[in-house]
Amino acid sequence: NHNGTLDKYEGDAILAFFGAPVKYKEHAAQALNSGVDMFINLEELKKRWKSQGDKWPAMVHDMNMRIGINTGEMVTGNMGSEHHMNYTMMGDVVNLAARLESGAKHYGIYFHTTYETLKQAGIDQYEWRFIDRVTFKGLIKWHQTVEILGYKGKVKEQTLLLIDFFQKGIEEFHNRNWNIALEHFEHSLKYEQIEHKKELNPSMVYIKRINKIIDNPPDKNWDGSFNLDMNLNTDDSDQD
């Protein structure tokens, strides 16, 4: 429906890209729209599975998925040799998309992208929130990541309240107003909609992080970024 190109299946994963082999100016929006529509369709599927009674186990009724999307310049084309050729994509942009997908589980979220991707797609087309300034494995520069929660005006009131409190918490966090940020995150915690891991969500991640920071404040050069690779075994990011 959104002119994406299926690259390959890897186990239970789908790899796809947009803007090749046919170039589309709206490739970022096409990618995000595909993600939003997949979540909408998954909810419809779960309703159908639940209506079929004992045909499916509870793990199917509660099935979820993670999506990572990134946009930028990459290489696409026939890769390999005359013995094995595959039309695929390569590049740092592709690697970051994979990091976004796997990194989402450390915040308890399901749709992880970058702020740059969101801006290219159209920032006013979606309901979203900032997640973190993340330095991913193998990268030096941090990226501002965001969670997409649905199309603009198409989410529940509870989600809008979640976004409002959480965004205020993020702003105060980066301004080093720890106690005020903590207040906002404690409010947003009440509205988190993580279904199958309720003990894990971005509000809880920041509450734990702030409690550590209050005891050990960062130096003046602190930029609010978080090295996800270096901190995978800490309390605020060890969610499997």
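Q: Leaving aside its neighbours within four places in sequence, which residues is Glu-192 in contact with?
A: Glu-192 touches Arg-129, Gln-158, Leu-162, Phe-166, Asn-201, Pro-202 and Ser-203, where contact means heavy atoms within 4.5 Å. This is a predicted model, in which local features need pLDDT of at least 70 and side-chain atom pairs count only at pLDDT 80 or more, while totals for chains, interfaces and linings use all residues. Residues are numbered from 1 along each chain as its sequence is written, and side-chain values use heavy atoms, with hydrogens and water left out.

Q: Why is Glu-192 called buried?
A: Its relative accessible area is 12%. Buried means under 20%, exposed over 50%, and partly exposed in between, using a 1.4 Å probe and protein chains only, so Glu-192 at 12% counts as buried. You will find Glu-192 in the loop between α6 (178-189) and α7 (202-215). Helices (H or I, at least four residues) and strands (E, at least two) are DSSP runs, numbered from the N terminus.

Q: What makes the pairing of the side chains of Glu-192 and Arg-129 a polar contact?
A: The two side chains come to 3.0 Å. A polar contact is a pair of N or O atoms within 3.5 Å; within protein, one must be able to donate a hydrogen and the other to accept it, and residues adjacent in sequence count only if both atoms are side-chain atoms. The 3.0 Å value is therefore within the cut-off.

Q: How do you know that Phe-173 counts as buried?
A: Phe-173 has 1% relative accessibility, so it counts as buried. This residue lies in helix α5 (residues 157-174). Among its contacts beyond four places in sequence are Trp-178, Phe-185, Tyr-206 and Trp-222. The C-alpha atoms of Phe-173 and Phe-185 are separated by 9.8 Å, with the two residues 12 apart along the chain.

Q: How does the reach of α5 compare with what is expected at 1.5 Å a residue?
A: The 18 residues of α5 reach 26 Å from first C-alpha to last, close to the 26 Å expected. That expected span is 1.5 Å times one less than the number of residues. Buried residues of α5 include Leu-162, Phe-166 and Ile-170, and their cover includes β7, β8, α6 and α7. Just after α5, Arg-176 takes a positive phi of about 65°.

Q: What makes β4 (residues 75-81) and β5 (residues 84-90) a pair?
A: Two strands pair if DSSP finds at least two bridges between them. β4 and β5 have 7 bridges, in the antiparallel sense, so they qualify.

Q: Why do β3 and β9 (225-227) stand at the edges?
A: The open sheet has 5 strands in the order β3-β6-β8-β7-β9, with mixed pairing. β3 and β9 each have a single partner strand, so one side of each has no neighbour in the sheet.

Q: What is the largest nonpolar core made of?
A: A nonpolar core is a set of buried Ala, Val, Leu, Ile, Met, Phe, Trp, Tyr and Cys residues joined through side-chain atoms within 4.5 Å. The largest one has 17 residues, and Leu-32, Phe-111 and Tyr-126 are among those touching the most other members. α1 (27-51), β3 (67-69), α4 (115-121), β7 (126-135) and β8 (143-151) each supply at least two residues. α1 gives the most, with 6.
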